[in-house]
Amino acid sequence: MPVPTLPAFPDDIPTHPLLVIDYELIRNGDTVETGRLWDAATKLGFWYLKNHGADELVAGMFDLGAETIALPLEERMKFEQGDEGQSFGYKAAGVNAVDASGEPDTVEFLNIAKDDALAWPKQARRAYPRTANARMESTVGPFVRKSLEINNCLLDIFNEKLGLPPGALMERHKMEELSGSETRITRNAPTTNTTKQAIGSHTDFGSLSFLHNRLGGLQVLVPGSDSWQYVKPIPGHAICNVGDALAIFNLRSPPPGSQAGLERWSLVYFTRPGNSVVLRALVEDSTLIADAVAKTPEKDYETGATALEWFTRRIKYQRINNRKGPETWVASRGTERVEA
C-alpha cells in the first residue's frame, strides 16, 4: 500500500524541539553522538532517531494495521485483550479510561507479543487475527527483530553511561525470557474535537519505546512546565523515549490543525524487562544511580513489583469494566504522579 499524501503539520501549532540522533553513528560507536543521546535521554527523555533502517518494515506494519481494522468487528473481538491485565491482542475503542473521571478512550489497536513474533509458527502467548498471522513471518517478525536490535543498542549505551556492570541492563531484558515487550499498531478515528484525549496522559510501560507516526498527535509535558506541547512527526525519523523501567510524561491527542479530520495511525515497539525482573533502582551497581536516589529521598524506588506485576496492574485498571471510581485510574498509573 503506498504511503498516503497527508496535509503538512500546521506551522501555527507550538511544538517542542527534540534532538535528532543518528543511529548509524551511535551503532558505530561515535562518542559525540552517544553523548548527545545521553543528553536527550536524561534531560527530556525523548529524541528523534534517523538512519534506523526500519522504514520499509514500518510501512508493512501500517498495512497490517489497516488490514486488521478492516476485518468485521465481531472477528476482531474474538482476540480482545479482556479485563484481567492482558496486553496482547486487539483492544476496541472506548474500553479504557483516559482520566480519573472515567472518560473512554477513542483508539483501537492490535498488540503482538515479542514472544509470539520470535516463536512463530509456534504460539508463545496467544492467538491473533488472520491478518496478523499472514504477515507474522514476512512483516511482524522482521520489524520486531529490527526494533530489538535498535533498542538493545541504546540499552548498551545507557548501561555504560550509568556505570553499570557490562551487560547489566541486557540481563534484565533477555530476548529468550517471556516479557511484556510488544509491538502496537494504533488507529485513532477521525475527529474535529482537538481537545479530546485519545489516550490519557501516561508514562510508557517499560524501558524504551520506538515510535513511528504519520500525523501529529503525540504531546509531551516538558520537565518544569505545566503545558503540553506537540512533537512534530518527521518522515523517516522515529521518536524514541524512556519509560517506567529505566519515566517521562506523555499524552496522545487528535492531530492538530488541518490534520485534525484524518484518522491517525501510529506504530510502536515497547522494550520491557523480563517478567520476573523486580523493578528497583540498581543502587548497589552504579554510583551514578546511588547518588541520584540519595538526592531524591522523597521518592520510593523500591516498587516491590516484578515487571509482570507492574505491567498487569497498569493494563487492568485502565479498563472501564474494572472501574470502581477515581481510585481505579490512580491504580493504573506508573512513575508519574497523579491524584484522584
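**Aromatic rings and their partners**

Mentor: Arginine 184 lies over the face of phenylalanine 109, 3.9 Å from the ring centre. This is a predicted model, in which local features need pLDDT of at least 70 and side-chain atom pairs count only at pLDDT 80 or more, while totals for chains, interfaces and linings use all residues. Residues are numbered from 1 along each chain as its sequence is written, and side-chain values use heavy atoms, without hydrogens and water.

Trainee: What makes a charge sit over a ring?

Mentor: NZ of Lys or CZ of Arg must be within 6 Å of the ring centre and within 35 degrees of the ring normal. The charged end of arginine 333 likewise sits over the ring of tryptophan 329, at 3.7 Å from its centre.

Trainee: Why is the pair of tryptophan 38 and phenylalanine 158 called tilted?

Mentor: Rings of Phe, Tyr and Trp (its six-membered ring) pair if their centres lie within 6.5 Å; planes under 30 degrees apart are stacked, over 60 edge-to-face, and the rest tilted. By this rule there are three aromatic pairs. Tryptophan 38 and phenylalanine 158 are 6.0 Å apart centre to centre with 50° between the planes, hence a tilted pair.

Trainee: Why is phenylalanine 158 called buried?

Mentor: Its relative accessibility is 3%, so phenylalanine 158 counts as buried (under 20% relative accessible area; exposed is over 50%, partly exposed in between, with a 1.4 Å probe and protein chains only). Tryptophan 38, at 22%, therefore counts as partly exposed.

Trainee: What makes the pair of tryptophan 47 and phenylalanine 158 edge-to-face?

Mentor: The planes of tryptophan 47 and phenylalanine 158 are 85° apart, at 6.1 Å centre to centre, so the pair is edge-to-face.
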